[in-house]
Amino acid sequence: MSGLTRDVAVAGVGYSTVARSGDFDVRTLTRAACTAAMADAGVGPAAVDGIVEYQFGQGDAPSAVGAQRLLGIPDLAMFNDLMGTGPSGLASALDAAMAIAAGVCETVLVYRCITRASGHTGAVRTGPPEARGALQFAAPYGYGGGIIPAMSMKKQRRVAELGGSYADYGRIAVNARRWAALNERAVLRDPLTLDDYFAARPVADPLLLLDCDYPVNGACAVLLTSAERARDLRQVPVVVDALAYGTGAGADWLYGDDFLFGGTIPCARRLWAQASVGPADVDVAELYDGFTHITISWIEALGLCGIGEFHDWVDDGDRIGPGGALPVNTSGGQLAEGRLHGLAFLAEAVQQLRGECGARQVPDARVAVVANAHGPQSGAMVLVRD
Amino acid sequence: MTARPRPVPDAVSAAYWAGADRGALTVAHCDACGRAHHPPEPACPRCGADGPRPRVVSGRGTVFAACVVRQAFDAAFADAVPYHLALVAPDDAPEVRILTNLLGADPAEPVAVGTPVAVEFEPATGVGARVDARVGEGDGVALPQFRVVGP
């Protein structure tokens with residue numbers, strides 16, 4: 001029994017092809033992922049009565065009603081297009097779960113289609129010569145690249161304030177490749193050593209290239225429905241045990257009160273207050289890794305180890321790797337599977353709890369925690385096998 | 001070379017840039033809760049009270065966090081890399097962070113957290129690259145920049 005007013009479950013997951021390059025079309029990618037998720041659940045378009053999608057608004061994805069047309073869905077009882085200030089792709093599933101729990105709709109398809117070009121903050125841009133709004137305090141100083149400088153400064157400040165070392169960040173990058181080697185869907189499957197990590201090009205010192213995720217073209221879709229309905233469908237239901245958001249006071253990537261953790265700590269507190277399980281029960285953790293700092297924050301915020309204890313806890317990295325006591329980012333995450341922008345962490349958690357991950361399967365996984373984004377955009381979900 | 005972006009004051013930020021233009025660094029201060037914030041907002045982001053007012057601070061502070069940008073993100077700064085970006089906590093408003101470049105420091109590595117800095121004001125814009133001409137009378141384009149004053 002979850003804290004929601006009606007139990008909600010994930011009934012299907014699906015992916016398009018995921019690739020670094022080559023021809024692609026966002027409608028084709030979205031349709032492929034959504035069709036796969038519906039087939040996984042064993043439902044057709046007429047069974048779907050809600051669509052929620054998350055995008056940057058840069059031509060990276062069709063709108064919800066655009067997807068409705070792509071899929072031949074007769075009518076939508078609920079739909080929403082979420083833009084880039086929420087908890088990444090997981091935001092779509094959080095929204096869907098609440099709508100289902102509220103009884104507004106029953107079966108919701110959510111997706112994140114993303115292209116390598118969209119949100120590709122590493123590119124050199126020519127901005128307007130006049131910096132207005134929030135930009136007036138940033139652009140004149142050469143602050144660009146989205147949150148890249150912010151994430152670099154968080155990395156520097158964390159080690160200065162809480163201890164540990166930059167090698168802790170490298171453990172996250174190395175771990176991603178260890179898991180990706182076991183995931184045929186992953187784009188970067190070659191092993192990585194700590195030496196390789198430290199040899200990577202600095203983007204904004206101390207942030208290294210391998211602290212950043214790997215942009216791809218692809219889509220991921222998840223089908224959520226009432227737990228009652230899910231029990232009549234094709235797969236073992238994976239129940240949404242709890243969900244939560246967090247922003248923190250002063251909510252901002254640079255100026256928020258909690259510079260190191262953003263909203264992850266209040267989000268985690270709400271999550272566990274609602275959940276029927278606790279951090280000690282987690283069998284597998286799928287934690288956002290758009291930047292390595294984010295994964296470390298979530299591990300500590302969620303109480304998987306204490307605040308500031310990641311360095312000692314992670315040790316040589318085996319704890320979070322294949323065969324470890326607490327497997328983290330078992331798909332290789334966005335660092336190695338490719339940047340599907342959040343929703344794929346949920347899809348991977350579901351597949352782990354259903355026991356269908358083959359070489360990378362965590363034995364007898366029953367409880368998963370999924371977290372997305374950081375700063376003023378934090379969101380998380382606990383899932384349990386029915 | 002692409003022109004570097006110039007701050008354009010608005011109703012909320014006008015006092016900040018006007019202060020900078022006459023050589024005064026200000027932070028927005030809330031009389032209701034007693035806390036300061038930056039950048040200036042129309043209401044206090046900590047308590048929601050109306051009418052935060054600019055308060056002049058000494059301009060001395062310490063590095064809260066820093067990095068060295070090595071890959072240009074904005075074409076206007078392509079010739080500036082590597083350069084420092086930092087958040088500075090003013091000594092007399094330590095809850096505030098001000099984004100700045102750091103002058104007088106080797107860009108070989110980031111400046112350490114806690115390093116003392118002091119403000120100065122740079123006409124127009126740009127990572128220690130001084131531009132002689134102000135953009136226009138009353139535009140308030142003097143840019144606060146912090147210089148490392150010692151270890």
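Which residue just after α9(A) takes a positive phi? The residue is A:Gly303, whose phi is about 80°.

## Basis of the description

The model is predicted, and local features need pLDDT of at least 70, side-chain atom pairs count only at pLDDT 80 or more, while totals for chains, interfaces and linings use all residues. Residues are numbered from 1 along each chain as its sequence is written, chains are lettered from A and ligands numbered from 1 in the order in which they are written, and side-chain values use heavy atoms, with hydrogens and water left out.

Helices (H or I, at least four residues) and strands (E, at least two) are DSSP runs, numbered from the N terminus. In α9(A), 10 of the 10 residues are buried, so this helix is largely enclosed by the rest of the structure; buried means under 20% relative accessible area, exposed over 50%, and partly exposed in between, with a 1.4 Å probe and protein chains only. Among the buried residues of α9(A) are A:His293, A:Trp298 and A:Glu300.

The loop between α9 (292-301) and α10 (310-314) of chain A holds A:Glu309, which is partly exposed, with a relative accessible area of 45%. Together with A:Asp312, A:Asp315 and A:Asp316, A:Glu309 forms a negative surface patch.

## Positive phi in chain A

Most residues other than glycine have a negative phi, and most peptide bonds are trans. A:His341, in the loop between α11 (333-336) and α12 (343-354) of chain A, has a positive phi near 65° and is buried, with a relative accessible area of 6%. A:Asp364, which is not a glycine either, has a positive phi of about 50°; this residue is placed in the loop between α12 and β11 (367-372) of chain A and, at 61% relative accessibility, counts as exposed.

Chain B has 1 helix and 10 strands, and from the N terminus on its elements run β-α-β-β-β-β-β-β-β-β-β. Of its 151 residues, 51% count as buried. Among the contacts in chain B with a separation of 6 or more, 61% come from residues 24 or more positions apart, where contact means heavy atoms within 4.5 Å.

A cis peptide bond, with omega about -10°, joins B:His38 and B:Pro39, and B:Pro39 lies in the loop between β3 (36-37) and β4 (53-57) of chain B. The peptide bond from B:Val81 to B:Pro82 is also cis, with omega near -5°, and B:Pro82 is found in the loop between β5 (60-69) and β6 (83-90) of chain B.

Definitions and conventions: Patches are made of residues with over 30% relative accessible area and no salt bridge: like charges are joined within 9 Å, nonpolar side chains (Val, Leu, Ile, Met, Phe, Trp, Tyr) within 5 Å. Accessible areas come from the Shrake-Rupley method with a 1.4 Å probe; for residues, only the protein chains shown count as cover. A salt bridge is a side-chain nitrogen of Lys or Arg within 4 Å of a carboxyl oxygen of Asp or Glu. Lys and Arg count as positive and Asp and Glu as negative; His and the chain ends are not counted. The place of a charge is taken as NZ of Lys, CZ of Arg, CG of Asp or CD of Glu.
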